[in-house]
Amino acid sequence: MNMISLSVVDLSIAAFLVLILAGLGIKLQLGVTRQLIIAAARTTIQLLLVGYILKLLFDSVHLGYMTIAVTVMLLFAGREVMARQTHPYKGWWGFGMGTVSMFLSTFTVTFLALTVIINNEPWYTPQYAIPLLGMMLGNTMTGIALGLERLTQAAREQRKQIEAQLMLGFSGQQSITAIRRQAMRYGMIPIINSMAAAGLVSLPGMMTGQILAGSPPLEAVKYQILIMFLITAGTGFGTVVAVVLGSRRLFDDRERLRLDRLRK
Amino acid sequence: MKSLRVENVESEWLPKSSIDVKAGECIVVSGPSGVGKSLLLRAIADLDVHKGSLSIDDESFDAMPATAWRKKVGLLTAESAWWAEEVSDHIKAVETERLIELGFDKSALDWSVDRLSTGEKQRLAILRLLANQPEFLLLDEPTANLDPASVIKVEKVLLDYCRNKPAGLIWVSHDVEQAKRIADKHYHFDKNGLSEVIK
């Protein structure tokens, strides 16, 4: 492989561009400069750390280490889903619902991909398992966060319409059917869009990375298609599960709308 | 005769309240605003978490699903909400006679909800509620947003339903004249709960 290794100077040049942008941000009083700098620093530190962890994992292949690694990834993703909600569910539900839905969808799909499609020995070879699961979690997280956000926002906005149906003797789930559908759709739109635009508007990041690192384009393309399908399935199933759990939690056993279960 | 018994119902913002209403009877409830009249009706419809007991004859509210309870005990709010495009999407069975009595003709069912005035919405919400054939009606200032001619129409439709079904009515109203026209009994509601006003 004809891979060109990047030096510290190379990365510094790119970082300098971000600094110029930050300077412009101050001048235009955009109020994002702080966030921008912190995010750039986080990217650098987080990715470097991950790089070292991956190196460790690749060097000593063991199911135990893998379990720890993927659990940490899942918990971070779960926390991220909750952090993106304007009105997250109170208590453990806020964290739990997103995490459980992500676990069910991403772990199942990734396991299937590793054992049936990639079929390496052992199936949990970190070089495949970690990036696959990472991409699955990253996208599913977005879908679930969008779906739950839409669900809770719409339930708050349309409280009167929901309760009007409850008053007439409809069940909670009947009263929220339209909102629930809309929330599921919302969660799936980004991945549908990125499948439709892939290659025409944007070259997907993973494929770009593989090509830059020296893989033959057609091999990179095949992997990209595989990933797209896996991500779509994972995001779709995860969003459906999360929205179903979320909409159940909005009502109690007496079919009352319980917006008090959301944080203000 | 069926009767709805409300005993020591209480919630966070609602003072402890008890009231009995029999089928065929219209009870008017009035009292200062902010004391919780709407909350009382919501609690009776089991829409809010509450303490105390609710029963029809000897059947407790929690012995049946909440959906069944709310079909028997129908709540009409002061301002109606609509969730679909057309009027007919909201009403499962229309009695044409009642539609005309409320001042509409059949074409009203094809109307888009967006073009309804507040008063039209309120009158159609009554039609929507009565289609469920509830045994008791909880009416939260049902005529507050209506013009005088519609007030009379609505009073007649609701009282006819009350006598003919027969159904029990708990009717929240601020209007003293209205109370005189429609009330079989009159209750006053304040921070100490409900008490009957003896004429």
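Here is a short chat about how some labels for this predicted model come about.

User: Before we start, what should I keep in mind about numbering and confidence?
Analyst: Residues count from 1 along each chain as its sequence is written, and chains are lettered from A and ligands numbered from 1 in the order in which they are written. The model is predicted, so local features need pLDDT of at least 70 and side-chain atom pairs count only at pLDDT 80 or more, while totals for chains, interfaces and linings use all residues.

User: How do you know what length to expect for helix α3 of chain A?
Analyst: The expected span is 1.5 Å times one less than the number of residues. Helix α3 (residues 63-83) has 21 residues, and its first-to-last C-alpha reach of 30 Å is close to the 30 Å expected. Its buried residues include A:Ala69 and A:Val81.

User: What do the buried residues of α3(A) pack against?
Analyst: They sit against α2 (33-59), α4 (92-118) and α5 (126-157) of chain A.

User: What makes β6 and β10 of chain B edge strands?
Analyst: Two strands pair if DSSP finds at least two bridges between them. The open, mixed sheet runs β6-β7-β8-β3-β9-β10 in chain B. β6 (73-76) and β10 (193-196) each have a single partner strand, so one side of each is left without a neighbour in the sheet.

User: Which strand of chain B pairs with β7 in the parallel sense, and over how many bridges?
Analyst: That's β8 (residues 168-172), paired with β7 (residues 136-140) over 5 bridges.

User: How many residues of chains A and B are in contact?
Analyst: Contact is called when C-beta atoms, placed from the backbone, lie within 7 Å. By that rule, 14 residues of chain A are in contact with 18 residues of chain B.

Methods. Contact = placed C-beta atoms within 7 Å. Helix = DSSP H or I, 4+ residues; strand = E, 2+ residues; numbered from the N terminus. Buried ≥ 20, exposed ≤ 12 C-beta atoms within 10 Å, placed from the backbone.
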